[in-house]
Amino acid sequence: MSASDEDFMRLALAEGRKALPACLPNPPVGCVFVKDGQVIASGFTQPPGQHHAEAMALSLVPGDLADVVAYVTLEPCSFHGRTPSCAKALVARGIQRVVVAMRDPDPRNAGAGIDILKAAGVEVTVGVLEPSAVDDMGAYLAGGAGPATVGEGA
């Protein structure tokens, strides 16, 4: 982890806050893509059934992401519910590094998104500004972060 990881995660956290309250009961996730020290795209969780933060950012960047670092405030989802797996989408686009603020406590994910990334050879850093992410995820976490409250995979 570097000072720049914290700086870019702060930007991702700010993106995530833009999702509130429309994203609820889903988590207010923010995502920032950085290439050569510059933000090239960002996104935040849309209302349920629409793009997750990573998918929103992916839609703004054409082609391969081999030289891009993704900063995400919550572990990318591993499963396909109403929307596809963000972890698999990042891998498919060639991402090589993902920095995550916190693991997803939803039992349907709970480390599986990180496992998908690592299995594909992606460098993953977890825990950057985690206390801030936990604060921002308050309503999501209070709802139990599980299938009964989160919906059908967002």
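Biologist: Where is valine 69 found?
Modeller: Valine 69 sits in strand E3, residues 68-72. Helices (H or I, at least four residues) and strands (E, at least two) are DSSP runs, numbered from the N terminus. This is a predicted model, where local features need pLDDT of at least 70 and side-chain atom pairs count only at pLDDT 80 or more, while totals for chains, interfaces and linings use all residues. Residues are numbered from 1 along each chain as its sequence is written, and side-chain values use heavy atoms, with hydrogens and water left out.

Biologist: Is valine 69 buried or exposed?
Modeller: Valine 69 is buried, with a relative accessible area of 18%. Buried means under 20% relative accessible area, exposed over 50%, and partly exposed in between, using a 1.4 Å probe and protein chains only.

Biologist: And what does valine 69 touch?
Modeller: Leaving out residues up to four places away in sequence, valine 69 touches Val32, Phe33, Val34, Ile95, Arg97 and Val99. A contact means heavy atoms within 4.5 Å.

Biologist: Other topic. Which rings form the aromatic pair?
Modeller: Phenylalanine 8 and tyrosine 71: their ring centres are 5.4 Å apart and their planes are at 40°, so the pair is tilted. Rings of Phe, Tyr and Trp (its six-membered ring) pair if their centres lie within 6.5 Å; planes under 30 degrees apart count as stacked, over 60 as edge-to-face and the rest as tilted. The count by this rule is 1 aromatic pair.

Biologist: Where in the chain are those two, phenylalanine 8 and tyrosine 71?
Modeller: Phenylalanine 8 is in helix H1 (residues 3-17) and tyrosine 71 is in strand E3, so the pair links distant parts of the chain, 63 residues apart. Both phenylalanine 8 and tyrosine 71 are buried.

Biologist: How many disulfides are there?
Modeller: The structure holds 0 disulfides, a disulfide being a pair of cysteine sulfur atoms within 2.5 Å. For cysteine 23, the nearest cysteine sulfur is that of cysteine 86, 13 Å away. For cysteine 77, the nearest is also that of cysteine 86, at 3.7 Å.

Biologist: Are cysteine 23 and cysteine 77 buried or exposed?
Modeller: Cysteine 23 is buried, with a relative accessible area of 0%. Cysteine 77 is buried as well, at 8%.

Biologist: Now helix H4. Which of its residues are buried?
Modeller: In H4 (residues 112-119) they are Gly113, Ile114 and Leu117. Seen down the axis of H4, they fall within an arc of 100°, so they line one face of the helix. That arc is taken from the directions from the helix axis to the C-beta atoms.

Biologist: What covers the buried residues of H4?
Modeller: The cover includes helix H3 (86-92), strand E4 (97-100) and strand E5 (123-126). Just after H4, glycine 121 takes a positive phi of about 85°.

Biologist: Back to the whole protein. How many helices and strands?
Modeller: There are 7 helices and 5 strands. From the N terminus on, they run α-β-β-α-β-α-β-α-β-α-α-α.

Biologist: Which part has pLDDT under 50?
Modeller: Residues 146-154 stay under 50, and the model has 33 contacts beyond four places in sequence for them. pLDDT is the predictor's confidence in each residue, from 0 to 100. The protein averages 89, and 91% of the residues score at least 70.
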